[in-house]
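Have a look along with me, and I will jot down what I look up as I go.

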Amino acid sequence: MDKKSESQLNPVAVGRRQRAKMMYRRLHKAIRVDDRDIELRLKSMNIFSVVLVILMILIAVILFVMTESNVKDMGKIYGLFHWNSVRNNEAVAAVALAFSYIFSAQTPEATEFLYSPHVHSGGPNNHTDIVQFDEKYFLYTIATMSSGSVNIEKARIKSFNNNLPTLRTKNSLEMEEYYGGKISTRFMSIKEAFRTYSALGQRIVRLVNLSSPAAVYSDFSYWWFMSNGIVRLRDASFLLTKYLFEAFAQYRDLSALEPVYFLIGSLFAMIVGT
């Protein structure tokens with residue numbers, strides 16, 4: 001029996017074959033469509049992977065630069081701790097040295113009591129040698145303090161609040177002055193206050209040399225030097241140290257949190273991309 005007669009005798013089998021061919025064509029078409037979709041997705045994943053790798057490299061570079069910047073600023077703060085301590089110590093010592101210098105210049109009869117064979121080379125009766133030594137030591141202390149101020153003033157660090165820049169540059173410190181027989185107060189920045197302290201210390205030396213040691217006591221420079229050197233400038237130095245500690249802690253926390261932020265961003269990008 002040929003195929004034609006078989007199809008006439010078994011129409012059910014013919015219908016099954018036709019439906020099977022139709023299903024096969026649909027399945028083949030669906031497979032081709034899925035293949036194209038998978039291929040496009042694989043290409044997209046490849047592109048996304050390359051972009052993600054490049055992005056991760058950029059993030060790593062940015063994180064490195066930011067961390068290095070934070071470390072440098074923290075190093076500057078360490079330096080400011082040192083110079084602030086030096087400046088404060090020299091400022092407090094200058095008060096005692098000023099007393100000693102003026103007293104030795106004003107009291108030649110006390111030369112033998114002021115003489116120290118390990119310090120003075122001119123002998124126990126050489127009053128000029130003792131006064132010159134005290135003067136040089138006093139000026140050296142003032143110069144060291146000024147050097148510390150210069151190193152503090154030229155340092156530039158980012159602050160996360162207004163406390164540190166306000167103390168360093170704004171007129172926020174109440175200093176005591178004596179003019180015309182009256183005591184008054186004037187607000188200064190810590191930079192201006194230490195500059196004034198240094199300048200008035202040198203003025204005291206000029207008064208001793210050009211006028212007389214006794215004239216120093218009635219001069220405004222002596223009042224300013226003595227009334228502000230022990231308490232107000234020292235308190236300002238302590239306050240600067242406090243604000244520097246705060247800035248250092250903020251840099252430390254920022255350096256610890258920045259990698260966490262970048263890690264969260266990277267994970268989010270990976271999740272969104274997949």
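**Entry 1: a pair of helices.** In what kind of crossing does α4 pass α6? I looked it up, and α4 passes α6 in a left-handed crossing.

**Entry 2: ground rules.** I noted that this is a predicted model, where local features need pLDDT of at least 70 and side-chain atom pairs count only at pLDDT 80 or more, while totals for chains, interfaces and linings use all residues. Residues are numbered from 1 along each chain as its sequence is written, and side-chain values use heavy atoms, with hydrogens and water left out.

**Entry 3: the overall layout.** I found nine helices and two strands in the protein chain. Helices (H or I, at least four residues) and strands (E, at least two) are DSSP runs, numbered from the N terminus. Read from that end, the order is α-α-α-α-α-β-β-α-α-α-α. Of the 274 residues, 33% are buried (under 20% relative accessible area, with exposed over 50% and partly exposed in between, using a 1.4 Å probe and protein chains only). I also looked at contacts (heavy atoms within 4.5 Å): among those with a separation of 6 or more, 68% join residues 24 or more positions apart.

**Entry 4: back to α4 and α6.** Helix α4 covers residues 127-154 and helix α6 covers residues 190-210; their axes come within 10 Å and cross at roughly 160°. Axes are lines fitted to C-alpha atoms, for helices over the stretch in contact, and angles run from 0 to 180 degrees between N-to-C directions. The two helices are therefore roughly antiparallel to each other (over 145 degrees; under 35 is roughly parallel, 65 to 115 roughly perpendicular and the rest oblique). On the α4 side I noted Phe 138, Leu 139 and Ile 142 among the residues that meet α6, whose own partners include Phe 194, Tyr 197 and Val 205. The residues of this contact divide into seven nonpolar, six polar and four charged. Here Ala, Val, Leu, Ile, Met, Phe, Trp, Tyr, Cys and Pro count as nonpolar, Asp, Glu, Lys and Arg as charged, and the others, Gly among them, as polar.

**Entry 5: α6 meets α8.** These helices pack at about 135°, with their axes 9 Å apart. That makes α6 oblique to α8, and their crossing is left-handed. Tyr 197 and Leu 200 are among the α6 residues here, with Trp 224 and Phe 225 among those of α8. I noted nine nonpolar, four polar and one charged residue in the contact.

**Entry 6: the core.** Which residues touch the most other members of the largest nonpolar core? They are Ile 77, Phe 138, Tyr 197, Phe 225 and Leu 244, out of 46 residues. Such a core is a set of buried Ala, Val, Leu, Ile, Met, Phe, Trp, Tyr and Cys residues joined through side-chain atoms within 4.5 Å. Helix α2 gives the most to this core, with 12 residues. Leaving aside neighbours within four places in sequence, Leu 244 is in contact with Ile 77, Leu 80, Phe 81, Ile 157 and Leu 164.

**Entry 7: two last residues.** Thr 144 sits in helix α4 and is buried, at 18% relative accessible area. Glu 177 belongs to strand β1 and counts as buried at 8% relative accessibility. Not counting residues up to four places away in sequence, Glu 177 touches partners including Lys 182, Arg 186 and Trp 223.

How values were computed: A crossing is left-handed if the near helix is turned anticlockwise from the far one by less than a right angle, and right-handed if clockwise.
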